[in-house]
Amino acid sequence: MSEIQFATPQTVKEAVKCLAGAKGKARVLAGGTDLLVQLRAGFVRPGLIVDIKHIPELRKVKREDGGFRIGAAVSGAELGANAAVKKAWPGVVEGLELIGSTQIQGRASLGGNLCNGSPAADSVPALIAAAATCHIAGPKGTREAKVEDIVSGPGKTTLKPGEFVVSFFLPKRPKRSGDAYLRLIPRTEMDIAVVGAGVSLALDSKGVCTEARVALGAVAPKAVLVKAAGKALVGTKVDDAALEAMAAACRDACKPIDDKRGTVAYRTKVAGVLAQRAARIALARATGE
Ligand SMILES: Cc1cc2nc3c(=O)[nH]c(=O)nc-3n(C[C@H](O)[C@H](O)[C@H](O)COP(=O)(O)OP(=O)(O)OC[C@H]3O[C@@H](n4cnc5c(N)ncnc54)[C@H](O)[C@@H]3O)c2cc1C
């Protein structure tokens with residue numbers, strides 16, 4: 001079996017050069033909590049692994065345009081320790097912090113969780129609900145993309161050969177707004193979501209919802225932005241009727257698999273219930289309760 005080459009670039013430019021010059025398939029390595037498992041199981045056999053953790057830009061969290069720029073290799077433990085991000089976007093942080101155990105938290109990154117392409121990835125629905133974008137670098141330069149446009153199906157992304165995610169941008173949090181992420185797993189921890197729901201909403205001074213985004217995980221081949229669910233909340237006071245309309249839109253958007261973790265009917269029902277609960281938490285955060 002041929003050897004796997006390993007590179008540790010120190011800059012984004014160097015990483016792009018390594019990936020572009022790879023003989024055979026190249027894989028980016030962040031925390032390795034997905035990639036190393038896949039390597040050991042023989043699911044992947046790249047010619048080159050490019051460790052992006054030594055690039056300072058990928059490990060930083062900084063303020064930008066009233067929002068936050070988060071390096072793609074920042075771990076769950078690092079983001080969870082950032083009080084400013086946690087205050088502004090608690091739903092995004094709770095999505096990433098739900099991943100694995102204390103050991104996994106020290107390594108698992110936002111970039112890895114997204115680019116691994118799992119439909120059940122816990123940070124992705126919250127990032128989509130937050131309208132987060134990615135800064136991508138590759139052989140043809142850099143580009144921006146919405147988080148919801150990165151994954152194309154289980155284990156697949158729209159990233160072109162040699163491209164990788166450098167950072168995420170979380171926009172400025174409007175006044176009177178809040179977000180939340182909830183998942184259902186069959187155990188209390190260390191399991192894959194049967195359903196995940198992320199909600200972000202904003203209210204005006206009278207408590208009327210002015211914008212809302214709802215995203216679901218584990219109910220389709222990739223995390224889905226349920227536009228109709230967001231629309232069902234806008235113009236309402238997020239009352240029971242609006243929440244039921246939102247839940248119905250969520251159920252309509254579900255195209256889940258049927259497996260040992262949940263049947264199609266169960267996942268579909270739970271999607272509506274979880275989205276409602278996440279919306280209530282986001283509402284409480286928006287009103288400062
Ligand atoms: C015990 C255990 C429990 C887990 N529990 C959960 C859980 O509860 N919820 C959950 O969602 N996941 C869970 N996971 C999966 C995993 O921990 C997460 O998906 C994690 O966020 C992956 O991040 P990483 O930095 O380790 O990615 P890596 O393993 O380094 O990379 C994952 C994939 O993404 C690619 N990649 C990484 N970074 C980038 C980038 N910046 N640009 C482009 N491609 C990139 C890699 O090439 C690879 O294909 C668990 C894993 C284990 C081992």
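In this predicted model, strand β12 pairs with strand β13 (residues 209-217) through eight bridges. The two strands run antiparallel. Within this pairing, the bridge partner of Ala 202 in β13 is Glu 211. β12 and β13 form a hairpin with five residues between the strands. In this hairpin, Gly 207 takes a positive phi near 85°.

Strand β12 also pairs with strand β11 (residues 177-184). Eight bridges join β11 to β12, and the pairing is again antiparallel. Here Ser 177 of the chain stands opposite Ala 202 in β12. Strand β12 spans residues 195-203, and eight of its nine residues are buried. The strand is therefore largely enclosed by the rest of the structure.

A separate open sheet has three strands in the order β1-β3-β2. Its pairing is parallel. Strands β1 (5-7) and β2 (26-29) stand at the edges. Each has a single partner strand, so one side of each is left without a neighbour in the sheet. From one strand to the next, the twist averages 20°. Four bridges join β2 to strand β3 (residues 48-51). Among the residues of this pairing, Val 28 has Val 50 in β3 as its bridge partner. Helix α1 (residues 12-20) packs on the sheet and touches β1, β2 and β3. The direction of α1 makes about 170° with that of β3.

The domain assignment divides the chain into domain 1 (5-51), domain 2 (56-170) and domain 3 (177-286). The C-alpha centres of domain 2 and domain 3 lie 20 Å apart. Contacts between these domains involve 25 residues of domain 2 and 25 residues of domain 3. On the domain 2 side, α5 (90-97), α8 (123-129) and β8 (151-153) are the elements that give two or more residues. The residues of that side comprise 16 nonpolar, six polar and three charged.

Ile 257 lies in the loop between α10 (240-253) and α11 (264-286). A buried residue would need 20 or more, and an exposed one 12 or fewer. The C-alpha atom of Ile 257 is separated by 7.3 Å from that of Ala 220. Along the chain, these two residues are 37 residues apart.

Technical notes. Residues numbered from 1 in each chain as written. Predicted model: local features only at pLDDT ≥ 70, side-chain atom pairs only at ≥ 80, totals over all residues. Pairing = 2+ DSSP bridges. Axes fitted to C-alpha atoms, helices over the stretch in contact; angles between N-to-C directions. Contact = placed C-beta atoms within 7 Å. Buried ≥ 20, exposed ≤ 12 C-beta atoms within 10 Å, placed from the backbone. Domains from an automatic or database assignment. Nonpolar A, V, L, I, M, F, W, Y, C, P; charged D, E, K, R; others polar.
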